[in-house]
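Reader: Please walk me through this structure. I want to know what the terms mean as we go.

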Protein chains: 2
Amino acid sequence: MGKALVRVEEGSPVPAYRQIVDQIRVHLNSGVLKAGDKLPSVRTLSMQLGVHFNTIAEAYRRLANEGWIDLQHGCRAVVCMHQPAKAIATEEADLLCQRLRHLLAEMRLKGIPVVVVQREVGAVFER
Amino acid sequence: MGKALVRVEEGSPVPAYRQIVDQIRVHLNSGVLKAGDKLPSVRTLSMQLGVHFNTIAEAYRRLANEGWIDLQHGCRAVVCMHQPAKAIATEEADLLCQRLRHLLAEMRLKGIPVVVVQREVGAVFER
DNA sequence: GATTCTGTATAGATAATATGTACAGTTAAA
DNA sequence: TTTAACTGTACATATTATCTATACAGAATC
């Protein structure tokens, strides 16, 4: 039994649909979800996560707007062949670095050792 | 002219008061804000950031609830002498690692080179 | 064709967020 | 001491965001 595709954190201040978008986007990038793959139906996933299926539909709509998946009435969402360009403005990069610094500071504050962080970096960027 | 203590990202989905809380908490941990320091008044900071002063007040209230600052009617907020314990449950650590992975994946997706990330890690954790 | 699966559209309830305004405590100058 | 200017607070309100309920419409399968 493979790990669930998505997990929704109950008490989080970040809304469910955005948690879902973020996690699926990660899987799209990491290759867990490949072009042509079909996503679970909004109702299937909604029951797994314990949220309303319209919440899943909202998440899918966002991903479609970003160019990650194709939505067509009546059939399951499918991962696009031509995924979105990865160009990025330097300003946006700065913003991401800022978010990274804040998160790292929080982790350091909470006593998480640097080696753990380095391991995550290595895992994501493929050393 | 030192850098501003806080910066609120306009179009962000994360609410202004939480951006403020997060950034000030980072400064509290990093030592930019030390015990006994006074924070800017809610009105002063609100004008710098272009939000209502009640939004700043809300942020200060959160930080006070977390034990970072003392609030007293009539005088400016002041950084506590006894700052909150830094104990952390493993579950919370897992959550932080998960957030880190997602952010890293996003950065990689956006084409940010790994060396930039490693530099940030080194800066925060003091190589 | 009928059933069952799929995503969609719209309205409504609830909660989160930001603001407007009046208030009350503290400080410092007059 | 009085006054004025500064501080955080309280509460009502407007707006927006989020989630849900329900009915609908396209596609697949029998």
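**Surfaces, contacts and packing**

Reader: Which residues come nearest to DNA strand D?

Author: Ala16(A), His52(A), Asn54(A), Gly74(A) and Ser41(B) come nearest, out of 25 residues around DNA strand D. This is a predicted model, in which local features need pLDDT of at least 70, side-chain atom pairs count only at pLDDT 80 or more, and totals for chains, interfaces and linings use all residues. Residues are numbered from 1 along each chain as its sequence is written, while chains are lettered from A and ligands numbered from 1 in the order in which they are written.

Reader: What makes a residue near a strand?

Author: Its C-beta atom, placed from the backbone, must lie within 6 Å of the strand.

Reader: Which elements each supply at least two residues of the surface near DNA strand D?

Author: From chain A, helix 1 (16–30) and helix 3 (53–65) do. From chain B, helix 2 (42–49), helix 3 (53–65) and strand 2 (75–79) do. Helix 3 of chain B gives the largest share, 4 residues. Helices (H or I, at least four residues) and strands (E, at least two) are DSSP runs, numbered from the N terminus.

Reader: Which residues come nearest to DNA strand C?

Author: Ser41(A), Ala16(B), His52(B), Asn54(B) and Gly74(B), of the 25 around DNA strand C. The largest share of this surface, 4 residues, comes from helix 3 of chain A. Its classes are 12 nonpolar, 10 polar and 3 charged.

Reader: How many residues of chain A are in contact with chain B?

Author: 35 residues of chain A are in contact with 36 residues of chain B. Contact needs C-beta atoms, placed from the backbone, within 7 Å. On the side of chain A that touches chain B, helix 4 of chain A supplies the largest share, 16 residues. That side divides into 20 nonpolar, 5 polar and 10 charged residues.

Reader: Why are helix 1 of chain B and helix 3 of chain B called oblique to each other?

Author: They pack at an angle of about 45°, with axes 9 Å apart. Angles under 35 degrees count as roughly parallel, over 145 as roughly antiparallel, 65 to 115 as roughly perpendicular and the rest as oblique. The two helices are therefore oblique. Axes are lines fitted to C-alpha atoms, for helices over the stretch in contact, and angles run from 0 to 180 degrees between N-to-C directions.

Reader: What is the hand of the crossing of helix 2 of chain A and helix 3 of chain A?

Author: It is right-handed. The axes come within 8 Å and cross at roughly 115°. Val42(A) and Leu45(A) are among the helix 2 residues that meet helix 3, where Phe53(A) and Ile56(A) are among the partners.

Reader: How do you know that strand 1 of chain B and strand 2 of chain B pair?

Author: Strands pair if DSSP finds at least two bridges between them. Here 3 bridges join strand 1 (residues 69–72) to strand 2, and the strands run antiparallel. Ile69(B) stands opposite Val79(B). The two strands form a hairpin with 2 residues between them, and Gly74(B) in the turn has a positive phi of about 105°.

Notes:
Ala, Val, Leu, Ile, Met, Phe, Trp, Tyr, Cys and Pro count as nonpolar, Asp, Glu, Lys and Arg as charged, and the others, Gly among them, as polar. A crossing is left-handed if the near helix is turned anticlockwise from the far one by less than a right angle, and right-handed if clockwise.
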